[in-house]
Amino acid sequence: MTADVLVLGAGVVGVATAEALMRRGLSVMLVDRASGPGEGASFANGGQLSYSYTDALASPSLLKRLPGILAATDPAFRVARRFDPDYLRWCLAFFAQGRAGRFAANSLAGLTLALRSRALMEELLARTPIDFAHAVPGKLLLHEDAGAFRAASAIAAAKRESGIEVRALNPGEAVEVEPALAAIASRLAGAIFSPGDAVGDPHLFCARLVEQLESQGLQTRFGATVDRIEPGNQPVLRLSSGGRLRGQQLVIAAGPQAAALLRPLGWQVPIMPVRGHSLTLPPGPSAPRVSITDVGRKLVFCRLGDRMRIAGLADVGFNSNAADPVRVAALRAAAHESLPDAADYAVTGPLWAGLRPVTPDSLPIVARRGAITVNVGHGGLGWTYALATAEQAAMLVVQER
Ligand SMILES: Cc1cc2nc3c(=O)[nH]c(=O)nc-3n(C[C@H](O)[C@H](O)[C@H](O)COP(=O)(O)OP(=O)(O)OC[C@H]3O[C@@H](n4cnc5c(N)ncnc54)[C@H](O)[C@@H]3O)c2cc1C
């Protein structure tokens, strides 16, 4: 089987890339080892389309938490104790990006991608109305630490000067925006509100968009594990089943697994799997409509239709996406402490873990060599960035060689 372009990986990034390529008149085959689209990190992530808030993971505030992180006393983080050179190199590169100047530059570059994604999402939904629990309830970042809130307010003021709708609220104003915060208002130093931020179910997005694209000629190969890539004028994907798939060009959108597939081609991409967990629970008696990020506890609450998605935790260097019951219990405890009435915490709910593909600077890598283009490394904001980097990758594919 052949196509103009093979896209390896059917998460939000691969599916969005397939759409961007087909819009340019190319024939596309989407290949994934899973049984359907959106079953990797894109399955049950936090659901936030965080268009106005794109802070890089490596930051001065993270560096301050480093002693607790290394001592494993900070519940939001775990760091694998490994001593292989690639792992240590990545950690050093990551911490180097935590300096104030790098953090500001990386967060700003992310903001540019996110705002582009918002415009592209509006265009996509105008062209192809699909149902994925998409809503624009805005987002509130809750701060309990007065110093951190002051710093965040200064950044919000700078964003507003650049025309981004975001404002700092005192606790009373935050409760006016989201009455579900009334019970915890006394704990808050303040909140940052971005009314234009959205939410949506990434798995449903992938599934519905693939259905649409299939009706327009998209070929799909699910249950197809790629063992090896043969580069060349027409790249070939060698499957574990023994089969081969050939395309005029190849786009790799395989999330954290991309690094291992690209290494034999002499292409190093600095991507670390950072595991996170989520719970999907029935809404509680005081469930927020606005999407919430608890900055200190590093948690998100996101209403997806009649479900409450709660996501968080960052386990650096953990390669397995099996949900860890101990970490799920930590997530549930932190969420209950943060917003006790947001969800029905007595329900076990589907437990899920996914691997964020994180680069040291928290920015995706979109690059082309010969007939191979990569679109990887979207970290904790891949749902937010997917449409913008899909467009970048599609433009690289159609460029003359
Ligand atoms: C707990 C958690 C919460 C998050 N919350 C948010 C959020 O609120 N907002 C946000 O913007 N982002 C969020 N993210 C980040 C976001 O989920 C990721 O950045 C995004 O899903 C990455 O998409 P992807 O398509 O690159 O990877 P994936 O969705 O992982 O897709 C990669 C695909 O490649 C396939 N694949 C890999 N290797 C092979 C192979 N050898 N052969 C065949 N197929 C292969 C996999 O099966 C998979 O389907 C969160 C992540 C986590 C873990």
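How many residues does helix α5 have, and how far does α5 reach from its first C-alpha to its last? The first legend takes up this point.

Figure 1. The model is predicted: local features need pLDDT of at least 70, side-chain atom pairs count only at pLDDT 80 or more, and totals for chains, interfaces and linings use all residues. Residues are numbered from 1 along each chain as its sequence is written. Helix α5 (residues 146-161) has 16 residues and reaches 23 Å from its first C-alpha to its last, close to the 22 Å expected at 1.5 Å a residue. Helices (H or I, at least four residues) and strands (E, at least two) are DSSP runs, numbered from the N terminus, and the expected span of a helix is 1.5 Å times one less than its number of residues. Phe149, Ala152 and Ala156 of α5 are buried. Seen down the axis of α5, its buried residues fall within an arc of 65 degrees, so they line one face of the helix; the arc is that of the directions from the helix axis to the C-beta atoms. Gly147, Ala154, Ala157 and Glu161, on the other side of α5, are exposed. A residue is buried if 20 or more other C-beta atoms lie within 10 Å of its own, exposed if 12 or fewer, and partly exposed in between, with C-beta atoms placed from the backbone. The cover over the buried residues of α5 includes β5 (139-143), β6 (167-169) and β7 (190-194). Gly163, whose phi is positive, near 90 degrees, follows α5.

**Figure 2. The shell around the ligand.** The ligand is surrounded by 40 residues, of which the closest are Gly11, Gly40, Gly46, Gly276 and Gly382; a residue is near a molecule if its C-beta atom, placed from the backbone, lies within 6 Å of it. At least two residues of the shell come from each of α1 (12-23), β13 (272-281), β17 (351-358) and α10 (382-398). By class, the shell holds 14 nonpolar, 22 polar and four charged residues. Here Ala, Val, Leu, Ile, Met, Phe, Trp, Tyr, Cys and Pro count as nonpolar, Asp, Glu, Lys and Arg as charged, and the others, Gly among them, as polar.

Figure 3. Ten of the twelve residues of α1 are buried, among them Val12, Val15, Glu19 and Leu21. These buried residues pack against β1 (2-8), β2 (28-32), α7 (202-215), β12 (244-252), β19 (372-376) and α10. Just after α1, Gly25 takes a positive phi of about 85 degrees.

**Figure 4. Helix α7 and its buried face.** The buried residues of α7 are Pro202, His203, Phe205, Cys206, Leu209, Val210 and Leu213. They cover an arc of only 155 degrees around the axis, which puts them on the same side of α7. They pack against α1, β9 (219-222) and α10. The face turned away from the buried side of α7 carries the exposed residues Glu211 and Ser215.

**Figure 5. His277 in strand β13.** His277 lies in strand β13 and is buried, with 25 other C-beta atoms within 10 Å. Leaving aside its neighbours within four places in sequence, His277 is in contact (C-beta atoms, placed from the backbone, within 7 Å) with Leu313, Ala323, Arg327, Val328, Leu331, Trp352 and Ala353. Between His277 and Ala330, 53 residues apart in sequence, the C-alpha to C-alpha separation is 9.9 Å.

**Figure 6. Two non-glycine residues with positive phi.** Most residues other than glycine have a negative phi. Ala133, in the loop between α4 (100-127) and β5, has a positive phi of about 55 degrees and counts as partly exposed, with 18 C-beta neighbours inside 10 Å. Ser362, in the loop between β17 and β18 (365-369), has a positive phi of about 65 degrees; Ser362 is buried, with 25 other C-beta atoms within 10 Å.

Definitions and conventions:
Two residues are in contact if their C-beta atoms, placed from the backbone, lie within 7 Å.
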